[in-house]
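Subject: Structure handover

Hello,

Here is the structure I promised to pass on. My notes follow below it.

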Amino acid sequence: MRPVDTFKKFRDSYVIHQVEKIKLPDFEEDRFVRRHITFSGRVQHVGFRIALEQMAKRLELTGWVKNMENGDVAAEIQGFESRIRFLLKFMGSLKRIKIKKMENKPHSLKQNETTFEII
């Protein structure tokens, strides 16, 4: 295994462990929405996608996240609005990540979507 692959495996394990330690608040079921969000800043090569994916799964959100060629990260996130707000606040709190800009736009709901994935 190449050293960079070993580092990525270690980083991903660390990120998953950190996400699992977060105590989630009690959420009230509010409006069910889907958002298309573009994150700009230091968001690639820092475990951003795996942290977002792991927390989204814990929050029972669906959708996807992917790296863009221009260095941004794009995501579509669907679920209760309060849970999405919590996820975005969590992502902004991570020290290794520096979100300089976040575009958050409403998007049409996708029926029958059941997972959150990195694409």
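Which residue of β3 stands opposite T38? It is A74. Keep in mind throughout that this is a predicted model.

**The sheet**

Five strands make up an open sheet. Their order is β4-β1-β3-β2-β5, and the pairing is mixed. The edges are β4 (98-107) and β5 (116-118), each of which pairs on one side only. Direction ignored, neighbouring strands are turned by 20 degrees against each other on average.

Start from β3, residues 73-80. Seven of its eight residues are buried, so the strand is mostly covered. On one side, β3 pairs with β1 (residues 32-42). The two run antiparallel, joined by eight bridges. T38 and A74 face each other in this pairing.

β3 also pairs with β2, residues 62-67. Again the strands are antiparallel, here with six bridges. V65 stands opposite A75 of β3. β2 and β3 form a hairpin, with five residues between them. Look at G71 in the turn: its phi is positive, about 100 degrees.

β2 has a parallel pairing too, with β5, over three bridges. V65 turns up again here: its bridge partner in β5 is I118.

**Helices on the sheet**

α2 lies across β1, β2, β3, β4 and β5. It runs at about 170 degrees to β5. α3 packs on the sheet as well, touching β1, β3 and β4. The direction of α3 makes about 145 degrees with that of β3.

**α1 against α2**

What describes the packing of two helices? The angle between their axes and the distance between the axes. For α1 (residues 3-21) and α2 (residues 48-58), the angle is about 35 degrees and the axes are 9 Å apart. The crossing is right-handed. From α1, the contact takes in D12, V15, I16, V19, E20 and K21. These meet I50, A51, Q54, M55 and R58 of α2. By type, the contact residues divide into six nonpolar, one polar and four charged.

**Two residues to look at**

Q78 lies in β3. Is Q78 buried or exposed? Its relative accessible area is 4%, under the 20% cut-off, so Q78 is buried. A polar atom of its side chain lies 2.8 Å from the backbone nitrogen of K110. Setting aside neighbours within four places in sequence, Q78 is in contact with F32, V33, R34, L61, T62, I84, L109, K110 and E113. F10 is another matter: 68 residues separate Q78 and F10 along the chain, and their C-alpha atoms are 29 Å apart.

S82 is in α3, residues 81-93. Why does S82 count as buried? Because its relative accessibility is 13%, and buried means under 20%. Which backbone oxygen lies 3.4 Å from a polar atom of the S82 side chain? That of E28. Neighbours within four places in sequence aside, S82 is in contact with F27, E28 and D30.

Best wishes

Key. Residues are numbered from 1 along each chain as its sequence is written. This is a predicted model: local features need pLDDT of at least 70, side-chain atom pairs count only at pLDDT 80 or more; totals for chains, interfaces and linings use all residues. Side-chain values use heavy atoms; hydrogens and water are left out. Buried means under 20% relative accessible area, exposed over 50%, partly exposed in between (1.4 Å probe, protein chains only). Helices (H or I, at least four residues) and strands (E, at least two) are DSSP runs, numbered from the N terminus. Two strands pair if DSSP finds at least two bridges between them. A polar contact is a pair of N or O atoms within 3.5 Å; within protein, one must be able to donate a hydrogen and the other to accept it, and residues adjacent in sequence count only if both atoms are side-chain atoms. Contact means heavy atoms within 4.5 Å. Axes are lines fitted to C-alpha atoms, for helices over the stretch in contact, and angles run from 0 to 180 degrees between N-to-C directions. A crossing is left-handed if the near helix is turned anticlockwise from the far one by less than a right angle, and right-handed if clockwise. Ala, Val, Leu, Ile, Met, Phe, Trp, Tyr, Cys and Pro count as nonpolar, Asp, Glu, Lys and Arg as charged, and the others, Gly among them, as polar.
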